[in-house]
Amino acid sequence: MSASRLRTLGGGGQHVLDYLRRMQAENPSFFYAIPGENDHTSGCIFWADAASRMNYTYFGDAVIFDTTYRKNRYRVPFASFTGVNHHGQPVLFGCALILSESESSFAWLFQTWLHAMSDRRPISVTTDPDRLIQMAVTQILPETRLRFSKWSIFRETQEKLAHLYQSHSHPTFETEFMKCVNEIGTIDEFESSWVSLLERYLVMDNEWLQSMYNARQLWVPVYMRDAFFGELSITDGSGGLNSFFEGFVNASTSIQMLIKQYEKAVSSWHEKELKADYDTANTTPVLKTPSPMEKQAASLYTRRIFMKFQEELVETLANPATKIDGSGTVTTYRVAKFGEDHKAHTVSFNSCEMKASCSCQMFENSGIICRHILAVFRAKNVLTLPSQYVLKRWTRNAKSGAVLEERGFEFPNNSQESVTVRYNTLRQEAIKYVEEGAKSIHIYNVAMDALQDALKKVGAAKNQSPTAAEDGALSNGGNQELHAAGDTQKVACQSADEKEKKIRELTMELESTNQRCEVYRANLLAVLRDMEEQKLKLSVKVQNARLSLKE
């Protein structure tokens, strides 16, 4: 990257680069890239830590590219790639500083991000409405479904049509505009409603509305239902793109503050995910029906996703399915809420393959089965969810199992299993350990003894020679500065000095991993103690209740 572009960030630019180099040295799975010194087509800095790259293997089907800094006039041109995890929480896939906005810059950024994600392309990408970004996505991700953010379009519409939004004579325009976009059932209904709205408010010739109508297939939900975006409600696409860094990075954040705020956001969302994991594993939801399917879903889904499924299941009571065609193996049903026949949906059900499709396309769009298909299942006495309607990405086991094999994912350089893979595996096993260990005082004592023995064995392994830890310590695909030719430098231990340096680096990495293990061990022990204390308190209350009954 040219020195002049780096200088646009002030003294903080070098601070960011130093941070990225240090992080990559500490963990080779940390990826960062900058254009070469002679590359004048791009002005970006990109990075993705090991957790971001691993999370992408689980939740990289729907991606959001956030450039909020452009509209909100941030001091720092900070952009991010995010998605949604199995708890419906934002999850990070990478960050960038965009020092030069051009088609080539955005193309370089998307190509570099894709390389960091091992060229595994997402199903969909949501961005701000922008011609340069659109061209870059079309060039780098031609098979990925592009969508413009509704939130961005609504906000810009409010600016462009301020005379309508602020007029006392047109108090309902905003409500009607939102309804036209969000609540229309079919494409024909949208077309009719749009024309009617523009005629009613005398804005048929408004250039902004005309341009948005011309781009309607890129943002109006009725045109986007056949692609997966991982949204859990109709308002998800209207709430802004920067949910991961909201409250951490804003218009006043300086380049000197950026890295600190970035780390705070990453840490905060990591803690929230751990809490959601714990709540899912250790709390039992209240079932609202006697349906075996509801009980099955409660054991499969995370708590947030189960609540969404439960909402759909309960609604089947008010949405009866009426058979309208039963020829052959495929039966067609009409499903409508009582008193709302004009909003009916059509469901086709293949009893041989146990497959159903609904005109609302909720499953295709969100990965959660809709009330209309569930109503047909109820009518056909289908008691449990067919496996094809349970997306693993929404289950409590979304991050367990052989995800690398399932999705054909490999880190660059085809190195050995990464620290992140081992970390996630250990974490999942630890959660199971806590669940089992807290079931009774006897099991708790056994679990504590086993934990102490395991700690001694880990300590003994840690005290072995550094070379013993070298197997598997090389993380996958650590990134180096990428130059114009796109070549990545490979670790080469050709001299004794370089070997010694590598051993020191691996030793430092091992120490860092051990420190993290100690923190999580302490947290697990604290959880076990808290659970035991709660159990004792409950035992005392039960005993007191029994005594009071005897009296």
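**Reading loops, buried side chains and a helix pair**

Guide: Asp119 is found in the loop between α5 (103-116) and β6 (124-127). The model is a predicted one, and every value below is computed from it.

Visitor: What is the phi of Asp119?

Guide: Start from the general idea: most residues other than glycine have a negative phi. Asp119 is not a glycine, yet its phi is positive, about 60°.

Visitor: Where is Leu202, and what is its phi?

Guide: Leu202 sits in the loop between α10 and α11 (207-214). Leu202 is another residue other than glycine with a positive phi, in this case near 55°.

Visitor: Is Leu202 buried or exposed?

Guide: The cut-off for exposed is over 50% relative accessible area. Leu202 has 70%, so it is exposed.

Visitor: Let us turn to the helices. At what angle do α9 and α10 pack?

Guide: Helix α9 covers residues 173-182 and helix α10 residues 187-200; they pack at about 165°, and their axes are 10 Å apart. An angle over 145 degrees counts as roughly antiparallel, and α9 and α10 are therefore roughly antiparallel to each other. The crossing of α9 past α10 is left-handed.

Visitor: Which residues of α9 and α10 meet?

Guide: From α9 come Phe173, Glu176, Phe177 and Cys180; from α10 come Phe190, Ser193, Trp194, Leu197 and Arg200. By class, the residues of this contact between α9 and α10 are 6 nonpolar, 1 polar and 2 charged.

Visitor: Now the loops again. Where does Glu231 lie, and is it buried or exposed?

Guide: Glu231 belongs to the loop between α12 (221-224) and α13 (255-282). Buried means under 20% relative accessible area; Glu231 has 14%, so it is buried.

Visitor: What does the side chain of Glu231 make a polar contact with?

Guide: The partner is the side chain of Arg147, at 2.6 Å.

Visitor: Which side chain does Asp128 join in a polar contact?

Guide: That of Ser152, at 2.4 Å. Asp128 lies in the loop between β6 and α6 (131-140). Asp128 has a relative accessible area of 6%, so it is buried.

Visitor: How far from the C-alpha atom of Asp128 is that of Thr67?

Guide: The two C-alpha atoms are separated by 6.9 Å, while Asp128 and Thr67 are 61 residues apart along the chain.

Visitor: Last, the protein as a whole. How many helices and strands are there?

Guide: The protein has 21 helices and 11 strands.

Visitor: What share of the residues counts as buried?

Guide: The share is 48% of the 551 residues.

Visitor: And what share of contacts joins residues at least 24 apart?

Guide: Taking contacts between residues at least 6 apart in sequence, 66% join residues at least 24 apart.

Note on methods:
Residues are numbered from 1 along each chain as its sequence is written. This is a predicted model: local features need pLDDT of at least 70, side-chain atom pairs count only at pLDDT 80 or more; totals for chains, interfaces and linings use all residues. Side-chain values use heavy atoms; hydrogens and water are left out. Axes are lines fitted to C-alpha atoms, for helices over the stretch in contact, and angles run from 0 to 180 degrees between N-to-C directions. Helices (H or I, at least four residues) and strands (E, at least two) are DSSP runs, numbered from the N terminus. Angles under 35 degrees count as roughly parallel, over 145 as roughly antiparallel, 65 to 115 as roughly perpendicular and the rest as oblique. A crossing is left-handed if the near helix is turned anticlockwise from the far one by less than a right angle, and right-handed if clockwise. Contact means heavy atoms within 4.5 Å. Ala, Val, Leu, Ile, Met, Phe, Trp, Tyr, Cys and Pro count as nonpolar, Asp, Glu, Lys and Arg as charged, and the others, Gly among them, as polar. Buried means under 20% relative accessible area, exposed over 50%, partly exposed in between (1.4 Å probe, protein chains only). A polar contact is a pair of N or O atoms within 3.5 Å; within protein, one must be able to donate a hydrogen and the other to accept it, and residues adjacent in sequence count only if both atoms are side-chain atoms.
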